[in-house]
Structures are given as C-alpha cells and as structure tokens.
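Take a moment with the sequence and the 3D view below. We will walk through a handful of loop residues, one at a time.

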Amino acid sequence: MVRAPTRPPKAPAGGAPKSASTRHAPHAVRIIGGQWKRTPLAVVDLPGLRPTPDRVRETVFNWIKHLRGSLDGARVLDLFAGTGALGLEAASRGAAKVTLIEQQRAAVTALSASITKLKAQDQVQLLQADALALLRGLPAVSIDLAFIDPPYDAGLLPAVLAALPRVLAEDALVYVEDRVPIEPAPDTGWTVLRTDRAGQVHFALLRLEPKPAQDAGVAPVKMPQ
C-alpha cells in the first residue's frame, strides 16, 4: 500500500484540503494476475490511504518471477496491508500462506470481506495489530516474501528492516515502498536487487545477504595438516 503522510496539512477556513494522495484514490482495484485475476478489491475511504498502482504491482511481480520463479508454496507477510492488494496478489499467484497485518479497523473489515469473497480463508490469515510490535514478537517462521509499506512520515522503515531478518527464510525477498529513494545503510546487510520509481513513489526489492560464518557465531572449519 502507498500511504500519504500521517499528518495532513491544516485545513484552511471553509473546509478540509484535498490532498493529492487521496483526491484521485479509486474506489476499487483489481488483482492483476493468477487465479483471481480481474477480481476487484474495495479501497476504504481513509485519509492518506491508497493502493499500490497496477503498474507498480505488475513490475514488482515480474521482478519476483525473474528472481525466484513461481510463488507456489511461498509463505508471505504483508505488513501495513491496507487494501491487501500486494498480499492477495501473491495469494492469487500461488503463495501457500499469506499473513496480512493491518491496524486500522475499517481497513481490516474491508480486508476480511475481500478474503471471504475470494474464499481464501485457508490460504490467507488476517491480523489486526500494530505491524512493528507484532513483527518483533513473531517466532522464526521462515517467510519467503515480505511486503513493507509503512506510513511515509512515521519513520518506521529502519526499525522494520532491523526486526525482519529473524523471520526470513534463506534467500527471502523483501519489497519496500517509500517516498524517498530506498537506500539501506551499508552495515545492515540489505542488498537492493531492483529499484524503480512511479511518480512520487519509490519502490525496491531487497535481499538480506548472509553473514560470514565467523560473524554468525560459527567456528571456522580447520583443514587437516
């Protein structure tokens, strides 16, 4: 989900301003591939909330297909799910288990209705929770693909990326959206595999590089003399 700033500008006298991020938000978006292709998903009328554009989703899922092939059997985590356009797209394309995490009640209600309409209750889990708090409490669940799109002005992205590694499977892919270019700090282990921009939205696909054995607490193997 693409989210506008969490604190909109103060409304002038006479009414609330129409922000560029919400003025043209659609009432529905469509899943663009897989078994539920062309199925509409409701877009909740919430300030600062609009779905990831179709063109961006198409680009991202083409990247994923190129880098890992099929999503069949994948475990997916969609943090800050919003409309669920990303997570439900992954489910449509074969992911075995998708967990959607969203905090806003109205969005959760709409997500629940979408899951019911798709008859995806066995494939898609929906949790109403603070995404970062829940992520920090998750056990090691071997996620293959994660979607991260926190509110732009909340400053949550570094904390989410720091909390994510322990729940990721080896070679997991992580999709990130932000309003600024996505450039993880060099000492965090994240590598940017693909990056692009659509309007004011920057998006990228990341992978966590494995640490050398000695850094991971594993004693190096001694060769026989």
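Start with one term: a residue is buried when its relative accessible area is under 20%, exposed when it is over 50%, and partly exposed in between, using a 1.4 Å probe and protein chains only. This is a predicted model, in which local features need pLDDT of at least 70, side-chain atom pairs count only at pLDDT 80 or more, and totals for chains, interfaces and linings use all residues. Residues are numbered from 1 along each chain as its sequence is written, and side-chain values use heavy atoms, leaving out hydrogens and water.

Asp-149 counts as buried because its relative accessibility is 1%. Its loop runs between strand S8 (143-148) and helix H6 (157-163). Helices (H or I, at least four residues) and strands (E, at least two) are DSSP runs, numbered from the N terminus. Now find Leu-79. Asp-149 and Leu-79 are 70 residues apart in sequence, yet their C-alpha atoms are 6.9 Å apart in space.

Pro-51 sits in the loop between strand S4 (49-50) and helix H2 (54-68). Its relative accessibility is 5%, so Pro-51 is buried. From Pro-51 to Leu-86 is 35 residues in sequence and 8.8 Å in space, C-alpha to C-alpha.

Next comes Gln-123, in the loop between helix H4 (105-118) and strand S7 (124-128). Is Gln-123 buried or exposed? Gln-123 is buried, because its relative accessible area is 15%. What does its side chain reach? The side chain of Gln-123 reaches the backbone oxygen of Ala-95, at 2.6 Å.

Turn now to backbone angles. Most residues other than glycine have a negative phi. Phe-80 is not a glycine, but its phi is positive, about 55 degrees. Phe-80 lies in the loop between strand S5 (75-78) and helix H3 (85-92). At 9% relative accessibility, Phe-80 is buried.

Arg-38 also has a positive phi, of about 75 degrees, and is not a glycine. Look for Arg-38 in the loop between strand S2 (28-30) and strand S3 (40-42). Why does Arg-38 count as exposed? Its relative accessibility is 57%, so Arg-38 counts as exposed.

Together with Arg-30, Lys-37 and Lys-117, Arg-38 forms a positive surface patch. Patches are made of residues with over 30% relative accessible area and no salt bridge, with like charges joined within 9 Å. A salt bridge is a side-chain nitrogen of Lys or Arg within 4 Å of a carboxyl oxygen of Asp or Glu.

Conventions. Patch = residues over 30% accessible without salt bridge, like charges linked within 9 Å, V, L, I, M, F, W, Y side chains within 5 Å. Areas by Shrake-Rupley, 256 points an atom, 1.4 Å probe, with all protein chains shown as cover. Lys, Arg positive; Asp, Glu negative; His and termini not counted. Charge placed at Lys NZ, Arg CZ, Asp CG, Glu CD. Polar contact = N/O pair within 3.5 Å; in protein donor to acceptor, adjacent residues only side chain to side chain.
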